[in-house]
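Subject: A structure for you to look at

Hi there,

Here is the structure I promised to pass on. Please open it next to this email, and have a look around before you read on.

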Amino acid sequence: MSAAQIPSLVVENLTTRFGSDRDGATVVDGVSFVLTPGQTMALVGESGSGKSATALSLMRLIEPPGRIIAGRVLLDGRDLLTMPERGMEDVRGGQIGMVFQDPLTSLNPALTIGRQITETILAHRDITPAEAERQAIDLLVRVGVSDAARRIHDYPHHFSGGMRQRVLIASAISCAPAIIIADEPTTALDVTVQAKILRLLHDLQQEMHASMLLITHDLGVVAAMADTVMVMYAGRIVEQTDVDTLFHAPRHPYTKALLACVAGIEDDRSVPLQPISGMAPDLKDLPRGCRFAPRCPLVQDVCRTTDPALRAVSRSHSVACLLVQEETAVV
Amino acid sequence: MSDVVMQVAGLTKSFAARGGSSGSVKAVADVGFSLARGETLGLVGESGCGKSTLSRLILSLLDADQGTVEIDGVDFITAPAARKRNLRRRIQIVFQDALSSLNPRMTVGVNITEPMRLQGLGTARDRRAEARRLLALVGLRPEDEDRYPHEFSGGQCQRIAIARALVLNPEIIVFDEAVSALDVSIRAQVLKLILDLQQQFGLSYIFISHDLGVIKRICDRIAVMYLGRIVEIGSAEAVCGSPAHPYTKALLGAIPIPDPRRMRIENLGLIEGDAVGVPQEDACAFAPRCPMRFDRCLAERPLLAAASPRHDAACFLLNSGKQGNPP
């Protein structure tokens, strides 16, 4: 990762809230990050941590009663959050391609898959329908759909789960986006199919030198795919660093506990399971101080009164924990 | 662990083929295994392999076309109604979606003890006491008995479903994807509870999951299913440590390991196709996807045979010295 890389997307202090000011929940709370061309950043967390809300917010797809209350999302120097809706429509599917978990609900069941892909292309490119169809066939071939010239006339229900996800990926990359947002793209798939879809996403991203934001709850997928990782807990980013550091020198107690949990399941049976006690806090009723304090094995008194900010502990590693000191021997 | 509590043999179930055409699909074909007291048997496979149909056949929630499910020597499938009702107490199930498996209109206490009422066991007072005892046993508070399922999280609902599965003092519990929908931190909590209860009561478990990682962690023996049939069965160590069937190898190779130093996307194993379609009776069902296939695989179906002591696999390459790893 060269420091001179020009970022493809800069997210600053993104904050999204559901419900009223008094009785509501801040589901995305001051999230900031930078996507770099050719790199994959994973956003990992458990259900309700705010990872999908983060993706929807930066695409401006949050529906009322949710609303973005602060932040900037900069693409080519323009702020997506203040852009007219018309411009945003060009960005979605144009500069930013999206792949979601459930390809069956993301695809329109009443349209042939050829039509769904050509519609995306025609919305962004000034070409003839025949040319768009030719491109759609090329895209389907590229994502590994065999007999594509015939299959563009089929409907989504004619395809298996893995094939539908390939169709969705073809649609997402149809306008050669600079950024791919993939939200749990393989969660509903069998493990042998997941392996192939992950490889496809990786290969396409490398070919296009695109940035990828990969949202997942699966630390195995993170280890396989990510260059950098953000760990999200109760609406906040609690740790952010490169993938090797995250797995081998994590600093936040939540990251450590999560990895111990997974290692306990991965390991042989002589190693006891190490669950994290309790559960994630209710976002409408957050504890004072650190949000992880009620479950933290290292909790101190100060953690129950002071809310930790995300601070840099080294050049490429930030942690939101009061107990973590800056690394003095950074070379 | 030679004390066998359940013996399944020749279990088969067909469904009419989709699209109204003639013919049928064997969702479960000639499945057999034994379960020893205190043992956990894992059933692993991908969607459509027949593992959930198998769980329903074992519990007699679905009628088998052929085969037997003997519990302590009595065939559960053909037992007369009264006998069947008694046998039902000995085997219970916990499903994936705990919230929808609980009755939303009943309190948690009533949900837990409903099987007692249906079996005509105990007074209302006995049942309340039992609900409170079981809630404490699964890590909830006895006073939660008066609350309703929707007031609980997914992990807590699964604890309630486990309490209900325990209420008739069964010998066998079937867990059908029971932890698959839970977050990783909660999954570890529930798995720990499941293992603790087994220790405490000497229960036998059949643990069904698509997640070989979890299966590997908690099972003594593992059966791998592919398109309705068991293709490999043996101790967890043998099946995961020296897998004999190419499908088992493919499954193991496709699991991303949560350590970037051990596995990156380039090392993730890939095999052709997916497990869809109707397998041919006179061929290996995995042959179309198998990197090791040869002529015989397409002309004849391999039967389960010993790969090593107490470890069977259905593959012609068994002990042929030709077994490589899938590319």
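Let's start with one spot in chain A: A:Glu184 sits in the loop between strand 7 (179–183) and helix 8 of chain A. Helices here are DSSP runs of H or I with at least four residues, strands are runs of E with at least two, and both are numbered from the N terminus. Although A:Glu184 is not a glycine, its phi is positive, at about 45 degrees. A:Glu184 counts as buried because it has 20 C-beta neighbours inside 10 Å. For that label, a residue is buried if 20 or more other C-beta atoms lie within 10 Å of its own, exposed if 12 or fewer, and partly exposed in between, with C-beta atoms placed from the backbone.

Before going further, a word on the model and its numbering. This is a predicted model, in which local features need pLDDT of at least 70 and side-chain atom pairs count only at pLDDT 80 or more, while totals for chains, interfaces and linings use all residues. Residues are numbered from 1 along each chain as its sequence is written, and chains are lettered from A and ligands numbered from 1 in the order in which they are written.

Is B:Asn169 buried or exposed? With 10 C-beta neighbours inside 10 Å, B:Asn169 counts as exposed.

One more backbone detail is in chain A, where a cis peptide bond joins A:Pro64 and A:Pro65, with omega about 10 degrees. A:Pro65 lies in the loop between helix 1 (51–58) and strand 4 (66–75) of chain A.

Chain A has 11 helices and 12 strands. Its radius of gyration is 21 Å, close to the 20 Å that the globule rule gives for 331 residues, so chain A is as compact as a globular protein of that length. (The radius is taken over C-alpha atoms, and the rule is 2.2 Å times the number of residues to the power 0.38.) Buried residues make up 48% of the 331 residues in chain A. The C-alpha atoms of chain A fill a box of roughly 65 × 50 × 45 Å along the principal axes.

Chain B has 10 helices and 12 strands.

Next, how do helices pack within chain A? The axes of helix 7 (residues 161–172) and helix 8 (residues 191–208) of chain A come within 10 Å and cross at roughly 10 degrees. That makes helix 7 of chain A roughly parallel to helix 8 of chain A. Angles under 35 degrees count as roughly parallel, over 145 as roughly antiparallel, 65 to 115 as roughly perpendicular and the rest as oblique. The axes are lines fitted to C-alpha atoms, for helices over the stretch in contact, and angles run from 0 to 180 degrees between N-to-C directions. Among the residues that meet here are A:Gln165 and A:Ile169 in helix 7 of chain A, and A:Ile197 and A:Leu200 in helix 8 of chain A. A contact means that the C-beta atoms of two residues, placed from the backbone, lie within 7 Å.

Helix 8 of chain A also reaches chain B.

Helix 8 of chain A packs with helix 10 (residues 246–254) of chain B at about 50 degrees, with the axes 8 Å apart. That makes helix 8 of chain A oblique to helix 10 of chain B. Here A:Val191, A:Thr192, A:Gln194 and A:Ala195 meet B:Ala250, B:Leu251 and B:Ala254.

Last, find B:Lys192, in helix 7 (residues 184–201) of chain B. With 17 C-beta neighbours inside 10 Å, B:Lys192 counts as partly exposed. B:Lys192 touches A:Leu273 and A:Pro275, not counting residues up to four places away in sequence.

Enjoy exploring!

Best wishes
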